Amino acid sequence: MDKIAILCSGGDVSGMNPALKRFVEYAYAKNMQPFFVYNGYEGLIDDKIHEAHYEDVAGIMTRGGTKIRSARSERFKESKYRALAAENLRQKGITKLVVLGGDGSFRGMERFHDETGIAFCGIPSTIDNDINGTDYCLGVDTALNVIKNAIDSIRDTASSFRRAFIIEIMGRNCGYLALVSAITSGAEMCLIPEIPIDIHEYKECFESQIRKGRDYFIAIVSEGLKNADDVAQWFEKDLGFESRVSVLGHIQRGGNPSVFDRLMAYQFVTHAIDALVTGNNNSIICYSKSHFNFKSITEVALHAYHLDEALLTLGREQFAPSHCQM
Ligand code: ADP
């Protein structure tokens, strides 16, 4: 019986547990013995590699995070530890590996594959949605829904207290989460690294809106800009509007996986296992232009991601100070 393992590396996302469930069920369906590697690459090095059974994945569909835990591993960057990791897999007869992670994890996997020949398929998993070559990364939809609920709740209190709320959204240097959240929550302002805006240009328009009775503002800012406090000060000093900063933080990574993430997890894992079974030994399963396709690690991990130009155009139009409705 062929043996196949799965691990989660880097930041966890909601959708990893549905992926684990599909992994176990589909491996058995393909007549393979599934294994879990606990704690990411750390677990590979420390031999935390165990057979996975149906009972291990019972009831996990509804849970965020990952049952087999994720980790970052400094040791995996050293070849002697990668050799140890490969030896642990070989001793158990495991020849195939599915990795849920981001571009950093894939860079590690590329070196691992080159040195050891162990077959591998990567599944892009990060709420930041900042991996080149794929339009979608596992966990993004759940994160967007968590953010939507948070902003909707903040809007309730903002309007009751006549306040400006500056809401900081995750995404490292990628503004995807912030932009989509700003558009879909009806925010007044959206500041992301990809769209430079001088907030002072909003002054005249916002003052006019306040005179006409506007009693709250929602401003979405991307964590990459590190300027939430400055924006809050601007509302206080330039507009005389009481303001609060709300950093959503890690709640964005958790929560009950959305229907879309459950379905994407199912499809990503199915394609990953199919690829490994048919001898595609070294690729990332991507989702672009509504289709699944395989890309090389080099294309995915070594090239910078650029936010979709069509979405950016919408963002520029929606949030340009010159388009602000007085
Ligand atoms: P993500 O996969 O979410 O981008 P990281 O960038 O933190 O997360 O990478 C996760 C892990 O991948 C690192 O802790 C390390 O073990 C491994 N890794 C990243 N880059 C390399 C590399 N160049 N060589 C070997 N391992 C790497």
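Which polar side-chain atom lies 2.4 Å from an oxygen atom of the ligand? The atom belongs to S105. The model described in this report is predicted.

## Contacts with the ligand

For S105, a polar atom of the side chain is found 2.4 Å from a ligand oxygen. For S73, a backbone N or O atom lies 2.5 Å from an oxygen atom of the ligand. For R111, an N or O atom of the side chain is 2.9 Å from a nitrogen atom of the ligand. On its own, the ligand has 550 Å² of accessible area, and the protein covers 85% of that area.

## The surroundings of the ligand

The ligand is located in the largest pocket.

## Salt bridges

Side chains of opposite charge can pair when their charged atoms come close. In this structure there are 18 salt bridges. One of them joins the side chains of D46 and R75, with an N to O distance of 2.9 Å. This pair links distant parts of the chain, for D46 and R75 are 29 residues apart. D46 belongs to the loop between α2 (40–45) and β3 (49–51), whereas R75 belongs to the loop between α3 (54–57) and α4 (79–92).

Terms used. Residues are numbered from 1 along each chain as its sequence is written. This is a predicted model: local features need pLDDT of at least 70, side-chain atom pairs count only at pLDDT 80 or more; totals for chains, interfaces and linings use all residues. Side-chain values use heavy atoms; hydrogens and water are left out. A polar contact is a pair of N or O atoms within 3.5 Å; within protein, one must be able to donate a hydrogen and the other to accept it, and residues adjacent in sequence count only if both atoms are side-chain atoms. Accessible areas come from the Shrake-Rupley method with a 1.4 Å probe; for residues, only the protein chains shown count as cover. On a 1 Å grid over the protein atoms alone, a cavity is a set of points where a 1.4 Å probe fits but cannot get out, and a pocket is an open set with protein on both sides within 12 Å along at least five of seven lines; lining residues have an atom within 4 Å of a point. A molecule sits in a cavity or pocket if more than half of its atoms lie within 2 Å of its grid points. A salt bridge is a side-chain nitrogen of Lys or Arg within 4 Å of a carboxyl oxygen of Asp or Glu. Helices (H or I, at least four residues) and strands (E, at least two) are DSSP runs, numbered from the N terminus.
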